[in-house]
Structure formats: C-alpha cells, structure tokens
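Trainee: I'm new to this one and would like to learn how to read it. Could you show me the structure and walk me through it?

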Amino acid sequence: ARCGNNYIVSYFSRLLQGISLKIIKKIADKVFVLSKIGRDELLKESFPSTQIVISGAGINLVKQSRAPVKKKNQIVYIGRMNVTKGAFDLIEIFHRVIQRKKKLRLMMIGGTSESDLHRLNKLIKQYRLAGKVKYLGFVSEEEKKRIVSESKTLVLPSKEEGFGIVIMEALALETPAVCFDLPALKAVFSKYIATGIQDGWAL
C-alpha cells in the first residue's frame, strides 16, 4: 500500500503496474533504471539481469559564482505538496524546529492539487506559521537555483524516492540536504552521509 493512497487505488495501481511490467519484459531489449534499487526491484519481477541497465541521472552543470553565496536564515523544500513527498509532515517538523530557531523560514517549491494546497494552508494556519512558511509553487530554474544557494539546508522528507535528483542539485550548489534513510538515497548518496544526525541523515 502506497502511503497516501487508499487500498482500492493501491490495488489497481499495482495490478496495472504488474501488467505493464510483463509487457515491458517481453518486448524491451533493454530497461533503464536510475539506481541499483530499481535494478533489484526488476530482478524481483523476474527480469533477466542482462536486460537491465543502470543509467543514473544528471543535472545541468552549475556555474559557481566567484563570490560565495550568502546563506539566508531559511531552509528549502522542493517537490510536490502531497503525502508521499512528506510535505504535510514537514509543516509539523518545521513547527518543532522553530521552537528553537525562531527566525528560521521555510520555502516550499513545487506543484500541487487544489485539495492538497488547501490541506497545506490549513496546516500552516493550525501551527500558526503564516509568515514563516512561504509556498512559491513552480518557479524558473534560475529562481530555484538562487533559493537553494541561499538556503542553509534542503529538506527532503519523502517517504519514497527513486533517485533524489534535488539532492544532487543542492550539493552542486553547496547546500547540504537532510532526508530520511531511504534505500535509493543511500545507494546514490551514501558517500556524503554526515555524522551526528539523529532520526534521519544529512548530506
């Protein structure tokens, strides 16, 4: 059962996924996956190992400015505003954090549905975070890079990830990332794990 889905949706999603995988396995010469985790998932579905290629993922090269970017008293989240990405959990987490870091702000970048945006705004109001949390929706690549560069940390509270390309973007902009201990993220970014972090890990 996928977090955030009801059981009926999860059942039919899995059914359709199973049918799709059977067709792909039969007609595809090669199947590209982002990480070893994706490869392991396909092996469980009886894909031959010779059919699977780990491609990884990449980002556009970031030109570093000559002068270091001055960090603002803010953290940034990039992703859809939904349950699976942990956006709603982040509001409660941030509420706890600002009990100690009262001047900290949270910038949220990404799309959402009308119902999920309503839920997000309701949580912001419930925790009295108006003025502390800023939802920006979609922004340009340049604006995103600027915000990430100026932030103290990228926060990625996803409950599932296949690669976590926003982490790669943050690291390229010299902004550390905090995220949950997910298999795909460990497979790709484990060499960047910092010590001294509890209930999660930082890059």
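Mentor: Let's begin with a term: a residue is buried if its relative accessible area is under 20%, exposed if over 50%, and partly exposed in between (1.4 Å probe, protein chains only). This is a predicted model, where local features need pLDDT of at least 70 and side-chain atom pairs count only at pLDDT 80 or more, while totals for chains, interfaces and linings use all residues. Residues are numbered from 1 along each chain as its sequence is written, and side-chain values use heavy atoms, with hydrogens and water left out.

Trainee: Which residues of α3 are buried?

Mentor: Helices (H or I, at least four residues) and strands (E, at least two) are DSSP runs, numbered from the N terminus. In α3, the buried residues are Ala87, Phe88, Leu90, Ile91 and Phe94. They sit on the same side of α3, because they cover an arc of only 150° around the axis; that arc is taken from the directions from the helix axis to the C-beta atoms.

Trainee: What do the buried residues of α3 pack against?

Mentor: Contact here means heavy atoms within 4.5 Å. The buried residues of α3 pack against β3, β4, α4, β5 and β6 (153-156).

Trainee: How many bridges join β3 to β4?

Mentor: Two strands pair if DSSP finds at least two bridges between them. Strand β3 (residues 74-78) and β4 run parallel, joined by five bridges; Val76, for instance, has Met107 of β4 as its bridge partner. On to β5 (residues 133-137): four bridges pair this strand with β4, again in the parallel sense, and Ile109 is partnered by Gly137 in β5.

Trainee: Is β4 mostly covered or mostly open?

Mentor: Mostly covered: of the five residues in β4 (residues 105-109), four are buried. As a general idea, side chains in a regular strand alternate between the two faces of the sheet.

Trainee: Which helices take part in the β-α-β units?

Mentor: A crossover is right-handed if, with the strands pointing away from the viewer, the path from the first strand over the helix to the second runs clockwise. Helix α3 (residues 87-97) forms such a right-handed unit with β3 and β4.

Trainee: Where does Thr175 lie?

Mentor: Look in the loop between α6 (165-172) and β7 (177-179). Thr175 has a relative accessible area of 1%, so this residue counts as buried. A polar contact is a pair of N or O atoms within 3.5 Å; within protein, one must be able to donate a hydrogen and the other to accept it, and residues adjacent in sequence count only if both atoms are side-chain atoms. The side chains of Thr175 and Lys71 make one at 2.8 Å.

Trainee: Is Leu43 buried or partly exposed?

Mentor: Leu43, in helix α2 (residues 36-44), is partly exposed, because its relative accessible area is 32%. Setting aside neighbours within four places in sequence, Leu43 is in contact with Ser49 and Ile52.
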